[in-house]
Amino acid sequence: MVAFLPSRPGRLADVPSFTRAVGGAESNVACALAAAGHRVRWISRVGADGFGDHLVAAVAAYGVDVSRVRRDPHRPTGVYFRTAADRGDAAHEVVYHRAGSAASAMSVRNVPYEEAAAGRVLHLTGITAALSPECRALAAALTARRPGRPLVSFDLNHRPSLWPCPATARRVLLDLARGADLVFAGEDEAARALGLRGPAAVREALPEPDVLVVKEGARGATLFARVPGSARDVRVFVPAPRVDVVSYSGAGDAFAAGFLDATLRGLPFAARLRYGHLAAAVALTAPGDLAPAADPARAARPAALDDAGWGRLRLGPGAPDPGPDDDEEVRTR
């Protein structure tokens, strides 16, 4: 969808103008992974309109294969407007215009499973499931466990204003997460949408995924991974580096992309969390939903720091740069 970003802080009623940008959790992740050097295909539907033209061209410019993005002549491209405040702030406002959009018409009839399951990883989010009953049925079909499927990655991405009722959101999101192999959940959204407080409670409710990552904001992230042949989990916590925040928008998508990048590279769990944090830092230090992607080559050195060095990191605007060995502050642009 197209995102309209405010020209200055304040209520939507008071913001005089907006800047057009690319929005959408799945396309954000796709662009970041393509920029990191992976072959990525984005599957979606947009309107046969100017906004659709802009989205397809902008996502393709990152190196993403957009050949499976369908153009709908009868439904518009979705758009949304938001304020500059953090999503967790009481002052945050967001207005979606997605009912009846082209993306809301995605279904098991027009998204063949073979197309969606063609890669090593299939990444989905709870936002798509919120768009319509047809989208919910599609998400359920794509997370159904079946032989030979790719690694299914699911980001909770709870957006309250898109759901018809809280009970429906809780049921659908839990069902989809239980069908996935890798799940990302923010601690705050797990509490708000699922009534689960703390990483351990989330894992207790979601024992099925092989890997569960609970993002704890500025504190860090906790990973639970099933030990093959055992009923117990490996539990790994990695603190987040200090970040000079410009905008919180897109940080969760960037974290997922960084973690998936490290997963595809076969890195250990702690390194995957560090790559997630570094990618999120790029988003946090840039305006807009779609931030510049973290360069894996430049991220490798800070990701390999010892615990003391990692604890001293402070990240500023841009993409992670290792900086001098004795410099605690990393200017990322």
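1. Basis. In this predicted model, local features need pLDDT of at least 70 and side-chain atom pairs count only at pLDDT 80 or more, while totals for chains, interfaces and linings use all residues. Residues are numbered from 1 along each chain as its sequence is written, and side-chain values use heavy atoms, with hydrogens and water left out.

2. R45. This residue lies in strand 3 (residues 44-47); strands are DSSP runs of E, at least two residues, and helices are runs of H or I, at least four, numbered from the N terminus. R45 is buried, at a relative accessible area of 15% (buried means under 20%, with a 1.4 Å probe and protein chains only).

3. Surroundings of R45. Its side chain makes a polar contact with that of D72, at 3.2 Å (a pair of N or O atoms within 3.5 Å, one able to donate a hydrogen and the other to accept it; residues adjacent in sequence count only if both atoms are side-chain atoms). Beyond four places in sequence, the contacts of R45 (heavy atoms within 4.5 Å) include R70, A102, M106 and N110.

4. Helix 5 (residues 133-143). Its buried residues are C135, R136, L138, A139, L142 and T143.

5. Strand 5 (residues 79-82). Three bridges join it to strand 1 (residues 2-6) in parallel, with A3 opposite Y80. Strand 5 also pairs with strand 6 (residues 94-97), antiparallel, over four bridges (pairing requires at least two DSSP bridges). There, F81 has V95 as its bridge partner.

Notes:
Buried means under 20% relative accessible area, exposed over 50%, partly exposed in between (1.4 Å probe, protein chains only).
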